[in-house]
Amino acid sequence: MSPEPSPVRDLLIGVDVGTYSSKGVLTTLDGQIVRQHVIPHGISVPRHGHVEQDADGIWWADTVAIIRELLREPGAADRVAGVACSAIGPTLLPLDSQGRPLRPGILYGVDTRAHAQIGALNDEIGADVILARSGMALTSQAIGPKIRWLREQEPEVWAQVATLTGAGSYLTFRLTGQHVIDHHTGAHFMPLYDPRTRAWTDEFAAPVLGGAPLSCLPSLAWSDDLAGRVTAQAAAETGLREGTPVAVGTVDALAEGLSVGVSRPGDLMIMYGSSTFFILVQEAPTPDPRVWSVGGAFAGQVNLAAGMGTTGSLTRWFADEFAREHDTGAAYEALFTQAAALEPGADGLIMLPYFSGERTPINDPHARGVVAGLTLSHRREHLFRAALESVGYGIRHNIEAFRDLGADVRRVVAVGGGTRGGTWLQIVSDISGEAQEVPAVTVGASFGDAFLAGLAAGVLDRADLDRWVQPGARVTPDPALAPAYDRLYGLYRDLYTQTRATVHALGAAT
């Protein structure tokens with residue numbers, strides 16, 4: 001009697017949980033998309049500066065629903081070679097001894113609740129010491145201050161904490177039963193992570209963790225490492241085959257960078273999402289308090305990262321509040337069409353996009369949105385054009401910060417929802433003077449996750465990324481617009497300096 005033939009494992013699954021939606025993709029081993037699925041969701045803002053999401057009700061529930069939809073064809077689960085997840089990050093999620101969430105997850109740098117704890121840690125340890133040890137300064141992106149906030153502000157929760165993890169790591173735990181986190185995300189758990197040894201350090205644990213041990217943190221690994229295999233429980237919930245390999249995974253931005261081939265030194269990804277995120281692959285770190293020095297996706301890799309606080313969220317807010325006569329899709333189409341017809345400068349308007357504070361390079365959680373130059377002749381489309389241009393000025397500001405500290409930017413690749421249509425990309429290129437490449441397929445982070453799944457399962461090599469990512473459009477700046485935008489950019493930079501004290505005072509009164 002001949003043996004049963006081995007099943008063909010020729011499919012990969014990637015799932016990404018983002019700020020406003022979760023996305024999944026089923027691919028072949030050569031990167032062809034078989035099926036996609038998207039589930040929209042929201043965020044919770046219980047008070048200003050506090051931004052949260054439900055770990056089971058959104059993160060895990062979306063992941064289960066997406067995987068089940070991707071596997072709806074009979075026999076699909078048996079063909080899956082590997083799975084990987086990414087999610088918004090860095091986030092903080094406390095778990096009890098059974099691995100159950102103790103509260104909603106505290107989101108990345110848009111959550112600014114821990115500003116007092118940042119000040120306290122800088123005073124107790126020394127801001128210069130933290131920068132020297134961690135390779136970056138404490139900001140709203142850092143998880144260490146948020147851990148201290150949890151310990152100080154929610155002692156009843158803290159008393160039950162067994163594990164402190166993040167969004168993507170929680171999904172990997174639910175799939176495999178293993179608590180593991182990637183080095184890119186782990187670096188943001190500063191000052192508990194030592195980038196020199198790439199390990200957790202207890203040097204500054206006491207001011208952050210109190211008496212809790214470092215063992216409450218997940219094990220560290222690289223994004224393409226094997227985290228474990230799908231458990232029987234996870235298989236029953238998702239429809240996956242028990243024993244399917246699961247990659248460690250990472251945050252959404254790093255997975256999105258991989259999805260468009262950002263993997264070599266000098267490659268810079270600009271992710272146009274609810275916020276704008278930057279990842280620059282480097283040959284050697286260039287620590288600076290304005291931005292974040294973190295690990296990359298692969299062993300030994302170094303990234304320089306940065307992030308604006310409110311970009312896609314700003315356009316969504318604008319469409320929801322000022323184009324209510326349309327549904328969201330029609331509102332965007334109308335607003336972008338009208339904005340594209342206007343001249344640079346929106347007829348004398350400049351906006352600061354700091355509607356949720358700002359992350360890099362100013363790192364000011366108390367910053368606020370400002371509109372300057374309004375007259376009775378301005379219409380809705382002028383304000384929307386000013387909003388798009390404000391993001392362009394912010395992107396230029398971050399790229400200038402990279403170059404100021406000696407980082408080498410050789411190629412800019414754009415990805416995310418903001419790349420659709422081209423209007424926003426053209427505005428950003430005209431303002432920044434940077435050409436931007438847009439690959440032919442820009443599915444998003446879930447596509448990068450599928451690639452990580454293949455690496456972890458041993459069915460792909462890193463060199464295969466070149467055949468997964470196909471060339472697409474190239475957006476180049478119009479040199480004729482440079483003088484006008486150079487002048488406006490200078491006014492944009494001045495506007496923050498001139499209004500900072502006012503908006504700080506207004507924020508303190510609310």
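Three elements, α7 (167–176), β10 (180–182) and β16 (250–251), each supply at least two residues of the lining of the largest cavity. Helices (H or I, at least four residues) and strands (E, at least two) are DSSP runs, numbered from the N terminus. This is a predicted model, in which local features need pLDDT of at least 70, side-chain atom pairs count only at pLDDT 80 or more, and totals for chains, interfaces and linings use all residues. Residues are numbered from 1 along each chain as its sequence is written, and side-chain values use heavy atoms, with hydrogens and water left out.

On a 1 Å grid over the protein atoms alone, a cavity is a set of points where a 1.4 Å probe fits but cannot get out, while a pocket is an open set with protein on both sides within 12 Å along at least five of seven lines; lining residues have an atom within 4 Å of a point. Grid points are joined across faces, edges and corners, and a volume is the space filled by probe spheres set on the points. There are four cavities of 30 Å³ or more, and the largest has a volume of about 90 Å³. It is lined by 15 residues, with Gly168, Ser169, Asp182, Thr185 and Thr250 closest to its centre. The biggest contributor to this lining is α7, with three residues.

Now for the open spaces. In the largest pocket, Lys23, Gly273, Ser274, Gly417 and Arg420 lie nearest the centre. Elements that each supply at least two residues of its lining include β2 (21–28), β3 (33–40) and α13 (328–340), but α12 has the largest share, four residues. In the second largest pocket, α12 again gives the most, with five residues.

Here are the linings by class (Ala, Val, Leu, Ile, Met, Phe, Trp, Tyr, Cys and Pro count as nonpolar, Asp, Glu, Lys and Arg as charged, and the others, Gly among them, as polar).

| Space | Lining by class |
|---|---|
| Largest cavity | six nonpolar, eight polar and one charged residues |
| Largest pocket | 15 nonpolar, 17 polar and eight charged residues |
| Second largest pocket | 10 nonpolar, 10 polar and two charged residues |

Finally, a look at one strand pair. Strand β17 (residues 267–272) pairs with β23 in the parallel sense over five bridges, where pairing requires that DSSP finds at least two bridges between two strands. Met269 stands opposite Val413 in β23.
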